[in-house]
Amino acid sequence: MTSGGRIPSGDTEVGRTVLPGGLRVITERLPAVRSVAFGIWAGVGSRDEDTEHAGATHYLEHLLFKGTRRRTALEISAEMDAVGGELNAFTAKEYTCYYARVLDADLPLAIDVLADMVNCSLIEPKDVDAERGVILEEIAMNEDDPADLAHEAFAGQLFGDTPLGRPILGTVDSINAISRAQIAEHYRAKYTPGNLVLAAAGNLDHEQVVGLASAAFGDALAGHGSPEPARLTGPDAGTGTGAGVRLVSRPIEQANVVLGCAGLARNDDRRFALGVLNAALGGGMSSRLFQEVREKRGLAYSVYSFSSQHADCGIWGIYAGCLPAKADDVLAICRDEVAKVIEHGLTDEELDRGKGQLRGSIVLGLEDPSSRMSRLGKSELVYPRLEPVDEILAAIEAVTHDDVRAVATAILGQPKALAVVGPFDDADAFTA
């Protein structure tokens, strides 16, 4: 082991060890539960793809379940099913996670199975061909969800033809074009020990997890590598300054709109003020947007604002789903509420309510081993450090009216991008 120790996490014991090759193991002991959530986090997402490898990261997420030198695809699932375990994975813009949740006594099995998948996948040509069809079906399913399509179109308008602006799944053309050799090349380049984090939370012993991880990865840990640094920018990251309108015409019964702009990077100190502002503006049933659009006027069933962060940039926006004839009215109200909050900020009551909503969502989101494991994995992979929960809550409580007004002017005052999915023919009928 090249390094190890405990990390203060506020209320529980967190251990961290860096194994040879740079593989990081971070755990949180929760003795009150009888289960463990375990995940292997890879520091690769869709924003790390060039055009030749577009869709490869998500493609690999499928293929790593298809078999290794030691296990067939059936044996992978059967071994986990036999102990009542959960096994799954997901791909995001900046990372990929393979995770399991098992009884504490079955943690050795979970570590062995996931490490085998991540470290020793065969990427067989027959599996590449079979999964190509599955992924094309997944893309088609996504195309049939107007809300998802609107968010995807919005990202494309905001970031343009860059990895952040392209779909995580890839496109029909990119999936049809990509070869087994290109996927295997992506796998070898990105799934290295220094780019992996093993995170576990539950009834566990840190040193046992380190020993199991070391045994499971074996020869892959040979050498004296160090963890790869957190990403600063991706290839052709895009500036997030794309404005204008993107229309996706669909013969559906509802208009789905996303109006927004560039947000904040995940380590920007203003993120807490933006979080409070976002909660008050469109984060719940008492928010301004919900009250004005749905409760008072009945113009939409769903309306909310959202904020997401990446390593060096972010997204802020408003989503609404409404009758096509009401789209102009909904957008006008959204723009009006944004203008009001830029000019006047929040009331005292809204500030307090926004803080309370944000605090509650953070604390309640950490009440089970899976969410704790996710916090560990993401913090180790993409943040400079694991922020104690009490420190985060204190930063939220410290947000002032001046902070909110400043971030509203800087972020919400930017030129907007607008994505519209619905039964429309003319993008010029809308203005961003």
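## Helix 12

Helix 12 buries E350, L351, G354, K355 and L358, where buried means under 20% relative accessible area, exposed over 50% and partly exposed in between (1.4 Å probe, protein chains only). Seen down the axis of helix 12, these buried residues fall within an arc of 135°, so they line one face of the helix; the arc is that of the directions from the helix axis to the C-beta atoms. The face turned away from the buried side carries the exposed residues D348, E349, D352 and L364.

Helix 12 comprises 17 residues (348–364) and reaches 24 Å from its first C-alpha to its last, close to the 24 Å expected at 1.5 Å a residue; the expected span is 1.5 Å times one less than the number of residues. Its buried residues pack against helix 9 (271–282), helix 10 (288–295), helix 14 (389–397) and helix 15 (401–412), with contact meaning heavy atoms within 4.5 Å. Helices (H or I, at least four residues) and strands (E, at least two) are DSSP runs, numbered from the N terminus.

## Basis of the model

This is a predicted model, in which local features need pLDDT of at least 70 and side-chain atom pairs count only at pLDDT 80 or more, while totals for chains, interfaces and linings use all residues. Residues are numbered from 1 along each chain as its sequence is written, and side-chain values use heavy atoms, with hydrogens and water left out.

## Helix 13

Eleven of the 14 residues of helix 13 are buried, so this helix is largely enclosed by the rest of the structure. Among them are P369, R372, R375, E380 and V382. The elements covering these buried residues include strand 2 (13–18), strand 3 (24–29), strand 4 (35–42), strand 6 (96–103), strand 7 (196–202) and helix 14. From its first C-alpha to its last, helix 13 reaches 20 Å, close to the 20 Å expected at 1.5 Å a residue.

## Lining of the largest pocket

The lining of the largest pocket divides into 22 nonpolar, 17 polar and eleven charged residues; Ala, Val, Leu, Ile, Met, Phe, Trp, Tyr, Cys and Pro count as nonpolar, Asp, Glu, Lys and Arg as charged, and the others, Gly among them, as polar. A pocket is an open set of points on a 1 Å grid over the protein atoms alone, where a 1.4 Å probe fits, with protein on both sides within 12 Å along at least five of seven lines; lining residues have an atom within 4 Å of a point.

## P108

P108 lies in helix 3 (residues 107–120) and is partly exposed, with a relative accessible area of 32%. Not counting residues up to four places away in sequence, P108 touches Q208 and L212. The C-alpha atoms of P108 and L212 are separated by 6.6 Å, although the two residues are 104 residues apart along the chain.
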